[in-house]
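Subject: Structure handover

Hello,

Here is the structure you are taking over. My notes on what was found in it follow below.

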Amino acid sequence: MSTVDTEPAVLPHGVRTFTILSIGQFAAICGVTLLNFAAAFSVYRTYSILVLGIIYAMPFVILVLASPLTGALVDRWGTRRALLVSNAGGLALVATLVLLPIEHTVPAWHGLIIIVSVPLLKALLLPAYEASVPFLVPKRHIGRANGMRMFMNGFGAALGPIAAGPALDAVGMTGVGLIAAATVGLGLATVWFATIPAAPQPDSTGTGPAAWFAEFRVAWDRVRARGGLVDLLMFFAVVSFGIGFVEVLLPRLVDGFGTAAELRAVLLVATAGMLISGVAVTIWGGPRRRVRGLLEFSLLLAAAMIVGSLRPNVALIAVAAFVFLSCTSVILGNVQTLLNVKVEPEFQGRVMGLKNAVYGVALMAGNTLAGFGGGVFDPLVGHDRVDSGALTLFIGGGPARGFALVLMVTGILVALFVIAAYRSRRLRTLEADLPDVTPEDLAARPER
């Protein structure tokens with residue numbers, strides 16, 4: 001390994017730098033997300049629901065495929081350069097909407113370029129942003145920093161689908177491009193003026209994708225050697241799988257018996273749970289014993305899935321959704337903090353790329369199996385009413401309760417997995433068995 005930067009391990013004003021950087025990257029993510037959804041809506045209005053389905057799935061597929069490569073680039077380039085490239089790429093992308101004569105719809109080829117480019121840029125931006133945390137934030141504040149990230153991610157994820165349609169109607173694609181250009185430009189400016197220390201650079205193995213995959217393999221071997229981290233990623237995959245189920249099943253549960261206004265209210269309450277918990281973790285810092293907190297909040301998440309499936313009641317489902325997304329925010333932040341603390345600085349980008357790929361695969365698997373399971377069980381249970389009196393005791397009566405049964409079974413399986421995970425010594429004792437290796441920790445160790 002060769003050190004490529006002589007900056008101090010953690011900057012004296014790193015928290016301030018990270019806060020400014022986070023505001024800029026939050027703006028950039030919001031801008032490109034708004035652009036992506038506006039392009040999807042525009043193409044959908046011109047073409048078909050099948051095209052929209054492909055467009056919805058494409059970002060996840062691209063994120064999964066690109067993350068191993070982009071994670072390796074983050075470690076090779078450093079977080080600042082990776083952020084500059086991703087933000088500059090976003091600015092170049094939105095410039096095409098401003099410079100080309102586009103009104104309310106985009107040509108299919110242009111929409112496809114946008115829809116493919118946005119997840120590629122995010123696949124580079126996210127691991128770079130995540131890997132920057134231990135370089136800028138003292139270890140005692142890493143949990144709070146990741147709480148701030150969860151709040152911003154939740155807000156950004158909600159903004160795209162909510163605001164894209166109205167923005168497209170109000171200002172057209174050119175106007176959306178101008179909005180995105182302003183937000184991405186802000187993100188680029190905050191990175192340009194930021195000073196971010198660099199980790200030791202991996203030994204050069206070439207410049208092509210094969211070389212980047214080789215570097216990613218080195219990082220994976222390092223994670224596998226620290227067995228508790230593999231257990232952590234496996235646990236993260238199961239929870240992400242459950243999140244994928246809820247994404248698909250929650251709207252179907254409410255839509256089966258409620259109105260469109262009630263569905264919007266439930267989704268609003270659920271989003272509020274994620275935002276409020278993000279603020280809470282930013283203030284609180286998260287559980288002091290992070291693995292124990294991860295297990296406990298995951299058990300509460302599974303309980304929320306089960307409770308939300310019990311009866312076709314809007315208030316009950318809204319409360320369960322609020323708890324579910326509140327726990328989701330804490331869990332994702334906790335996993336991120338553990339990786340920031342337990343993974344060496346020179347591997348941060350690649351491990352963050354691996355984590356994002358795991359999340360994407362598990363989420364897509366949950367989405368797919370939830371749709372398949374609901375399609376199978378809904379007619380078996382009874383599309384308009386529950387045919388079995390015994391099942392009525394568990395999931396209530398009414399239409400679309402087959403989706404509730406799938407959600408209940410998934411919640412029980414997640415709960416059983418969490419209980420089994422308590423018995424995994426490697427996961428349970430991860431914090432004690434693996435030493436902290438943040439730049440702050442390494443700087444304090446004597447030379448060997």
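Helix H11 contributes the most to the lining of the largest cavity, namely four residues. Please keep in mind that this is a predicted model. Three helices each supply at least two lining residues: H8 (227-255), H10 (290-308) and H11 (314-342). The lining includes Val246, Leu250, Met305, Ile317, Phe324 and Leu407. By type, the lining residues comprise ten nonpolar, one polar and no charged. The volume of this largest cavity is about 100 Å³, and a search of the whole structure gives four cavities of 30 Å³ or more.

Val409 is found in H14. The relative accessible area of Val409 is 40%, so Val409 counts as partly exposed.

Ala265 belongs to helix H9 (residues 260-284). With 38% relative accessibility, Ala265 is partly exposed. The C-alpha atoms of Ala265 and Ala318 are 7.9 Å apart, although the two residues are separated by 53 residues along the chain.

Next, the salt bridges. Side chains of opposite charge can pair when their charged atoms come close. The whole structure holds twelve salt bridges. In one of them, Arg350 pairs with Asp75, with the closest N and O atoms 2.6 Å apart. Because Arg350 lies in helix H12 (residues 348-381) and Asp75 in helix H2 (residues 49-77), this pair ties together parts that are 275 residues apart in sequence. Both Arg350 and Asp75 are buried.

Another salt bridge, between Arg217 and Asp221, has an N to O distance of 3.2 Å. Its two residues sit in helix H7 (residues 209-225), four residues apart, which is about one turn of the helix. Arg217 is partly exposed at 47% relative accessibility, and Asp221 is partly exposed with a relative accessible area of 30%.

A further salt bridge joins Arg222 to Glu344, where the closest N and O atoms are 2.4 Å apart. Arg222 lies in H7 and Glu344 in the loop between H11 and H12, so this pair links parts 122 residues apart in sequence. Arg222 is partly exposed at 32% relative accessibility, whereas Glu344 is buried at 10%.

Regards

Technical notes:
Residues are numbered from 1 along each chain as its sequence is written. This is a predicted model: local features need pLDDT of at least 70, side-chain atom pairs count only at pLDDT 80 or more; totals for chains, interfaces and linings use all residues. Side-chain values use heavy atoms; hydrogens and water are left out. On a 1 Å grid over the protein atoms alone, a cavity is a set of points where a 1.4 Å probe fits but cannot get out, and a pocket is an open set with protein on both sides within 12 Å along at least five of seven lines; lining residues have an atom within 4 Å of a point. Grid points are joined across faces, edges and corners, and a volume is the space filled by probe spheres set on the points. Ala, Val, Leu, Ile, Met, Phe, Trp, Tyr, Cys and Pro count as nonpolar, Asp, Glu, Lys and Arg as charged, and the others, Gly among them, as polar. Buried means under 20% relative accessible area, exposed over 50%, partly exposed in between (1.4 Å probe, protein chains only). A salt bridge is a side-chain nitrogen of Lys or Arg within 4 Å of a carboxyl oxygen of Asp or Glu.
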